[in-house]
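Q: Hey, can you walk me through this one? I'm new to reading structures.
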Amino acid sequence: MSRPGSRSGTNPEQPRLFIALLPDSAVRRRLAEYCDGWRWQGRPARVRDDKLHITLHFLGNVACTRLSELRATLAVPFASFDLALGRPALWPRGIAVIEPLSVPDELRALHTALKEPLRRFGLPVESRPFHPHVALARRAQQAVFPVQVLDVVWRVEDYALVESRLDTGEYRVLERYSENVEGTATKESCPGRPPE
């Protein structure tokens, strides 16, 4: 039997959550095409095209009973910005990523603005410096990235609260937040439960 939040299953009473930037279909397609241009040697685990994203904060397991409060807590002032992606890299432990050419002030401000509400909510906040990136693959120590440079500008107009379902490998967007600071929720009160 799997433990709540364990890798072998998903506990519908405590969904595993993170806050992310999710690319639109055009940017996702460009990233996927660029990913196809890498030489994937060995046995890498590529990230599915529909799961490409930039993590702002990983929240871990949160009780369903607190989801409504969390959704309201995460609405912070936000300004849209352009994010130029184009720097491939191989990180330690074989993580293949694409990094921004530079990190916009608006992105740093959003990442910082979310820290305080998360602390007030009682969730841990990463202490290491923020290095935004799109993960392309894991176990990719032998991968070779393309000579050609990825040149894509991602217009970031919102951020999202996302559930990561370990049982199906899917991501489910629970709420989106845009410049108006008001979230747009799904109809479900809690992931894995029927609507109320």
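This is a predicted model: local features need pLDDT of at least 70, side-chain atom pairs count only at pLDDT 80 or more; totals for chains, interfaces and linings use all residues.

Q: Okay, and how many residues line the largest pocket altogether?
A: The lining has 37 residues. Those nearest the pocket's centre are His53, Thr55, Phe58, His133 and Arg138.

Q: Which elements give two or more residues to that lining?
A: They're all strands: S1 (16–21), S2 (45–46), S3 (54–61), S6 (134–138), S8 (158–165) and S9 (170–178).

Q: And which one gives the largest share?
A: That's S3, with 4 residues in the lining.

Q: What's the volume of the largest pocket?
A: About 1400 Å³.

Q: Let's zoom out. How many helices and strands does the protein chain have?
A: There are 3 helices and 10 strands in the chain.

Q: In what order do they run, starting at the N terminus?
A: The order is β-α-β-β-α-β-β-α-β-β-β-β-β.

Q: New topic: what percentage of the residues is buried?
A: Of the 196 residues in the protein chain, 44% are buried.

Q: And what about the accessible surface, what does that come to?
A: It's about 10700 Å² for the protein chain, and carbon and sulfur atoms account for 48% of that.

Q: Last one. Of the contacts between residues at least 6 apart in sequence, what percentage joins residues at least 24 apart?
A: In this chain, 75% of those contacts do.

Note on methods: Residues are numbered from 1 along each chain as its sequence is written. Side-chain values use heavy atoms; hydrogens and water are left out. Buried means under 20% relative accessible area, exposed over 50%, partly exposed in between (1.4 Å probe, protein chains only). Contact means heavy atoms within 4.5 Å. Accessible areas come from the Shrake-Rupley method with a 1.4 Å probe; for residues, only the protein chains shown count as cover. On a 1 Å grid over the protein atoms alone, a cavity is a set of points where a 1.4 Å probe fits but cannot get out, and a pocket is an open set with protein on both sides within 12 Å along at least five of seven lines; lining residues have an atom within 4 Å of a point. Grid points are joined across faces, edges and corners, and a volume is the space filled by probe spheres set on the points.
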